[in-house]
Amino acid sequence: MGGAWERFRDRSGGLMASVSKWYASEPVEPVKTGIAPLDAALAGGMQPRPYFIGGKPASGKSALALQIALNVALSGHHVAVWSGEMSRDECERRLLACYSVTAGCKAVSLGQIDAQGRMFRSRMVQAMRAGVDLAGFMANVADGGDPVVTAAVKFERDCSTLAIVEGKPRVSAMRQDLAELAEDGVRPLVVLDYLQLLDIEKPARSAVDQAGEAVEAVRLIANDYGVPVLALAALGREPMRKKDEGPTMNDFRDTSNVEYAAQGAIILRRADEGAAPGPDGVEVCAHVVKLRNGPFPRIVRLTFDGDRNYFRPLGR
């Protein structure tokens with residue numbers, strides 16, 4: 001024997017080297033979504049791995065992702081949202097409405113934000129014409145009890161660890177940003193809205209190949225930078241017609257390799273399609289259809305208040 005096996009084994013490492021690495025490393029605490037039953041269903045929260053949220057159009061995918069982003073930012077953890085689906089303005093409107101529910105200020109709806117915004121713009125134009133500086137005007141508005149401005153001032157103070165990048169997300173740009181953040185020791189929760197809009201920056205032969213490359217890019221981002229990635233994904237059209245069975249991993253559109261890449265996967269479905277919202281909103285079931293090394297499937301029952309872009313556990 002020429003010692004080939006020993007050389008090969010030395011290259012591949014051994015158990016004691018792994019044990020030393022485990023003991024020398026800081027334990028990785030999961031990033032909590034801030035929705036207690038969902039955290040429980042995800043075995044405590046999100047690890048630095050890929051997670052996917054799927055659902056029909058208007059099922060609440062973006063709303064849930066933004067609420068999780070907000071909750072994580074409020075906990076002091078950094079959050080980077082890449083939004084190819086909505087503008088920064090739309091994201092901020094939704095975040096502000098959601099934030100106002102629990103921020104200790106008057107809750108405001110999306111409709112109120114729009115209405116107050118029209119009044120605000122009119123008053124601001126008048127003030128500027130009168131020579132009032134913008135900072136003074138904002139202070140006067142906040143002191144006057146404008147609920148939107150009051151919430152916005154608190155939001156700016158409390159959510160400095162949240163950033164939104166609008167426009168079609170590009171893999172190379174995301175990796176460059178995350179590499180620069182990692183140099184400063186910042187490993188944010190990454191929210192991608194949504195997977196099918198991710199620019200992989202190389203030609204793909206089909207939609208299936210495109211989606212597969214996007215999933216692999218998300219997996220590598222999570223692995224290379226040690227960050228949890230929450231990616232929104234579309235469902236195929238055929239699963240949308242299912243009535244009597246729960247959703248499965250096969251429902252994700254053109255993304256059979258989501259099952260291979262995902263640490264966890266959630267599919268949102270309204271409990272009673274077509275039903276009118278109740279006083280607290282509509283009931284939405286978050287089906288945890290994949291959780292690596294954890295129990296699944298599991299169902300988390302939530303109530304969604306669309307006016308305030310806010311999910312709460314059913315019955316609370």
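User: What are the ground rules here?
Analyst: The model is predicted, so local features need pLDDT of at least 70 and side-chain atom pairs count only at pLDDT 80 or more, while totals for chains, interfaces and linings use all residues. Residues are numbered from 1 along each chain as its sequence is written, and side-chain values use heavy atoms, with hydrogens and water left out.

User: Which residues touch the most other members of the largest nonpolar core?
Analyst: Ile68, Val79, Leu189, Val191, Leu230, Ile266 and Phe311, out of 53 residues. A nonpolar core here is a set of buried Ala, Val, Leu, Ile, Met, Phe, Trp, Tyr and Cys residues joined through side-chain atoms within 4.5 Å; buried is under 20% relative accessible area with a 1.4 Å probe, protein chains only.

User: Which helix gives the largest share?
Analyst: Helix α4 (residues 61-74), with nine residues. Helices are DSSP runs of H or I, at least four residues, numbered from the N terminus.

User: And what about a second core?
Analyst: It is separate, has 31 residues and includes Leu178, Val215, Ala261 and Ile267.

User: Switching to lysine 154: where is it found?
Analyst: In helix α8 (residues 147-158).

User: What is the nearest side chain of opposite charge?
Analyst: Aspartate 158, 4.8 Å away. Lysine 154 is buried yet has no salt bridge, which takes a side-chain nitrogen of Lys or Arg within 4 Å of a carboxyl oxygen of Asp or Glu.

User: What does its side chain reach?
Analyst: The backbone oxygen of alanine 103, at 3.4 Å.

User: Which residues of α5 are buried?
Analyst: Cys91, Arg93, Leu95, Leu96, Ala97, Cys98, Tyr99 and Ser100.

User: What comes just after α5?
Analyst: Glycine 104, with a positive phi of about 80 degrees.

Key
Buried < 20%, exposed > 50% of the residue type's maximum accessible area, 1.4 Å probe, protein only. Helix = DSSP H or I, 4+ residues; strand = E, 2+ residues; numbered from the N terminus. Lys, Arg positive; Asp, Glu negative; His and termini not counted. Polar contact = N/O pair within 3.5 Å; in protein donor to acceptor, adjacent residues only side chain to side chain.
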